[in-house]
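Here are a few points on the pockets and on one helix pairing, set down for your reading alongside the coordinates.

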Amino acid sequence: MKNSFYKTKGFWISVAVCALPVVFGAFLYNKLPDSIATSFDMNFKPNDYSPKWQAVFMIPSFMLIMNVFVWFILEADPKRTAINGKLKSVARWIIPVLSCFVQSAMLLYAVDENINLVRFLPVLMGLLMIVVGNYMPKCKQNYTTGIKLPWTLASEENWNRTHRLAGKLFIIMGFAMALFTFLNIPSYIPFATLIIAAIVPAIYSYVLYRKNI
């Protein structure tokens, strides 16, 4: 099947969404300082800065290129027909949504440091984990989405069991990450849930492999 994703309406809508941060940045350009915070630590405080032109134009451009790449690899996967349709849609929209949120958060913080939307990034990540977790058990073996380990790709049973566990874990950890954002706890804890959700299924998959599953 010919890879013609660029002919679809959905692709061009995603491109337009990725371009929105550039429009927003151009609108605020004269109000922005010469240096803009483009990296934040675990306490959501700036720890690195970039020139204004780079933050406004280069970062969204990079995200746009990554968006095109995601669309390409999803359609180039030899097992693309096994990818759950809704999970594929989620994968296609992760970068456009993150690009709009992160870029808007950076620019608004540059205009007024009292507007720190970056601290709500764990909420967005948590919601994303919940959505992905809901569809992971329905994801069949493929080379693009899901938990792609040597053991899951070698065994369909290993793949299915691992993704059933991962789906439940992603939903639980997603709720936890979103909730922790509003509690008075160390800021690294919300991000630790993401690490747990990634490591536990990998270990489980290896245990199954050792049992010849």
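1. In this predicted model, the lining of the largest pocket is made up of 21 residues, and those lying nearest its centre are Ile94, Val132, Thr145, Gly146 and Phe170. The volume of the largest pocket comes to about 500 Å³.

2. Four helices, namely H2 (52–76), H3 (85–111), H4 (121–135) and H7 (188–210), each supply at least two residues of the lining of the largest pocket. By class, that lining holds 17 nonpolar, 3 polar and 1 charged residues.

3. Strand E1 (35–40) and H3 are the elements that give two or more residues to the lining of the second largest pocket, with H3 giving the most, at 4 residues. The lining of the second largest pocket divides into 10 nonpolar, 2 polar and 1 charged residues.

4. How do the axes of H2 and H3 cross? They come within 9 Å and cross at roughly 175°, an angle over 145 degrees, and the two helices are therefore roughly antiparallel to each other. On the H2 side the contact includes Ala55, Ile59, Met63, Val70 and Trp71, while on the H3 side Ala91, Ile95, Pro96, Met106 and Leu107 are among the residues taking part. Charged residues also join the contact, among them Glu75 of H2 together with Lys88 and Arg92 of H3. The residues of this contact divide into 14 nonpolar, 3 polar and 3 charged.

Key
Residues numbered from 1 in each chain as written. Predicted model: local features only at pLDDT ≥ 70, side-chain atom pairs only at ≥ 80, totals over all residues. Heavy atoms only, no water. 1 Å grid on protein atoms, 1.4 Å probe; cavity = no way out; pocket = protein on both sides within 12 Å on 5 of 7 lines; lining within 4 Å. Points joined across faces, edges and corners; volume = space filled by probe spheres on them. Axes fitted to C-alpha atoms, helices over the stretch in contact; angles between N-to-C directions. Parallel < 35°, antiparallel > 145°, perpendicular 65-115°, else oblique. Contact = heavy atoms within 4.5 Å.
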